[in-house]
Amino acid sequence: MLSRSQVITCKGAICWGIGEGVKVEEIQVEPPKASEVRVKMLCASLCHTDILRTQGVPFSMFPLAPGHEGVGVVESIGEKVTNLKEGDIVIPTYIGECGECENCVSEETNMCMRYHLPVNGLMPDGTSRISVRGQKVCHVFNCSTWCEYMVSDENYLMKVDPSIDLAHASFISCGFSTGFGAAWKTAQVQSGSSLVVFSLGAVGLGAISGAKMMGATKIIGIDINEKKKKKGEAFGMTHFINPKDYSHKPSSQLVKDLTSGLGVDYSFECAGVASLLNQALESTKVGKGKAIAIGVGTEELVKINWFGLFGRTLKGSIFGGLKPKSDLSFLAAKCKNKDLPLDELQTHEIPLTEISKAFELSKQEGCIKVIIKM
Ligand SMILES: NC(=O)c1ccc[n+]([C@@H]2O[C@H](COP(=O)([O-])OP(=O)(O)OC[C@H]3O[C@@H](n4cnc5c(N)ncnc54)[C@H](O)[C@@H]3O)[C@@H](O)[C@H]2O)c1
Ligand SMILES: [Zn+2]
Ligand SMILES: [Zn+2]
């Protein structure tokens with residue numbers, strides 16, 4: 001029988017350096033401190049950001065225990081934890097919500113100033129709860145979901161209904177919610193409007209789904225992978241463009257061709273390809289189009305065309321502008337009630353012991369999400 005004060009030795013995926021992929025290692029997971037919670041992971045999934053983090057983008061810190069999408073059960077809690085108890089089913093959120101700071105009371109942003117996006121790979125007190133052969137291990141943001149156990153601060157965990165589909169719960173802990181929220185909260189898509197989503201991974205499909213909920217009538221999806229057409233349609237896409245079929249025309253022009261030359265009301269860049277940001281901007285209506293930048297790329301700097309900005313807005317979005325307590329619970333309820341076709345995202349499944357295959361699987365044409373079973 002485990003005691004809440006014991007160190008747990010278990011398996012976890014570790015990346016030792018840039019481009020080295022991940023290896024399953026025996027890790028030690030310390031008990032939670034006062035405001036922390038130790039979670040026994042049940043299942044996790046792969047978001048493109050995990051791949052970037054193992055490439056040292058945008059932060060280089062190793063050894064790293066990746067994984068920020070997942071769902072687990074609370075194993076033990078610190079003495080000051082008030083909102084969670086042992087046995088609760090939780091998902092990690094990489095932004096918290098204190099409900100009181102300038103940003104939490106604002107309708108404009110989800111970027112809580114007290115429980116902000118952690119970028120140093122450590123717990124809020126500047127230490128780590130995971131080690132491998134005596135060496136401290138960093139998190140991706142505030143968690144490491146590709147481990148059998150992980151510790152997170154209670155302010156970065158959200159309780160979900162225990163009857164929720166575990167894979168679906170994992171998907172809403174980052175990628176899908178990010179896109180969904182970008183349409184719902186960041187862009188606040190208007191009913192009857194038009195938009196284009198560049199890149200149809202889980203993030204882009206989420207944006208399509210959020211736009212459909214908001215009542216958009218023309219939802220264009222763009223991807224260089226033809227297999228994404230069916231996936232986009234399953235979430236509400238009305239038109240698909242594969243730029244490879246039109247090598248002589250920029251995507252922004254192809255979007256204008258579908259909108260009587262005017263362009264769309266909103267665009268969403270979900271690939272993390274710098275040049276697509278200009279395409280996203282220029283595919284919106286002159287004078288009032290809004291382009292939302294969601295993707296994260298390997299280039300540190302992005303060049304924006306002056307002309308593309310003519311009266312248009314370019315806005316960044318983190319976690320889709322969703323406040324974890326106020327907004328994510330709405331999506332979790334939709335997910336629990338099976339209101340969204342989230343099964344469409346689940347294309348591959350592997351046990352944690354085969355995690356080293358996950359990145360290769362994610363490159364397969366038919367892949368949207370790789371589920372990692374603990
Ligand atoms: N801002 C945030 O809060 C946030 C959160 C999650 C993910 N992200 C970022 O969002 C991006 C997407 O993540 P994902 O998990 O959906 O990725 P993914 O790897 O599952 O999907 C990427 C898709 O982009 C397509 N693509 C690649 N190059 C393209 C091009 N030139 N034109 C059109 N399509 C192209 C691919 O075919 C693929 O379908 C990543 O950059 C990720 O780091 C940002
Ligand atoms: Zn706050
Ligand atoms: Zn993510």
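Modeller: The buried residues of α3 are G175, F176, S177, T178, G179, F180, G181, A182, A183, W184 and T186. Helix α3 (175–186) is thus mostly covered, with 11 of its 12 residues buried. Here buried stands for a relative accessible area under 20%, exposed for over 50%, and partly exposed for what lies in between, using a 1.4 Å probe and protein chains only. Helices (H or I, at least four residues) and strands (E, at least two) are DSSP runs, numbered from the N terminus.

The model is predicted: local features need pLDDT of at least 70 and side-chain atom pairs count only at pLDDT 80 or more, while totals for chains, interfaces and linings use all residues, and side-chain values rest on heavy atoms, with hydrogens and water left out. Residues are numbered from 1 along each chain as its sequence is written, chains are lettered from A, and ligands are numbered from 1 in the order in which they are written.

Just after α3, Q188 takes a positive phi of about 50°. Q188 is a residue other than glycine, and its place is the loop between α3 and β12 (194–198). With a relative accessible area of 42%, Q188 is partly exposed.

One partner of α3 is helix α8 (residues 324–336). The axes of the two helices come within 11 Å and cross at roughly 120°; axes are lines fitted to C-alpha atoms, for helices over the stretch in contact, and angles run from 0 to 180 degrees between N-to-C directions. The crossing of α3 past α8 is right-handed, where a crossing is left-handed if the near helix is turned anticlockwise from the far one by less than a right angle, and right-handed if clockwise. On the α3 side the contact is made by S177, F180, W184 and K185; on the α8 side, D327, L328, F330, L331 and K334 take part. Contact means heavy atoms within 4.5 Å.

In α8, the buried residues are P324, D327, L328, L331, A332, K334 and C335. They lie on the same side of α8, because they cover an arc of only 160° around the axis, the arc being that of the directions from the helix axis to the C-beta atoms. Helix α3 is one of several elements that cover these buried residues; the others include β6 (89–92), β11 (157–160), α2 (166–171) and α4 (202–213). Beyond the end of α8 comes K338, whose phi is positive, near 55°.

A search of the whole structure finds 9 aromatic pairs; rings of Phe, Tyr and Trp (its six-membered ring) pair if their centres lie within 6.5 Å, and planes under 30 degrees apart count as stacked, over 60 as edge-to-face and the rest as tilted. W184 and F330 form a tilted pair, 4.9 Å centre to centre with 45° between the planes. This pair links distant parts of the chain, since W184 is in helix α3 and F330 in helix α8, 146 residues apart. The two partners fall into separate accessibility classes: W184 is buried, at a relative accessible area of 14%, whereas F330 is partly exposed, at 35%. Both belong to one aromatic cluster, formed by F176, F180, W184, F235 and F330.

The charged end of R53 sits over the ring of F141, 5.6 Å from its centre; a charge sits over a ring if NZ of Lys or CZ of Arg is within 6 Å of the ring centre and within 35 degrees of the ring normal. F141 lies in the loop between β9 (138–139) and β10 (149–153) and is buried, with a relative accessible area of 9%. Its phi is near 55°, a positive value in a residue other than glycine.
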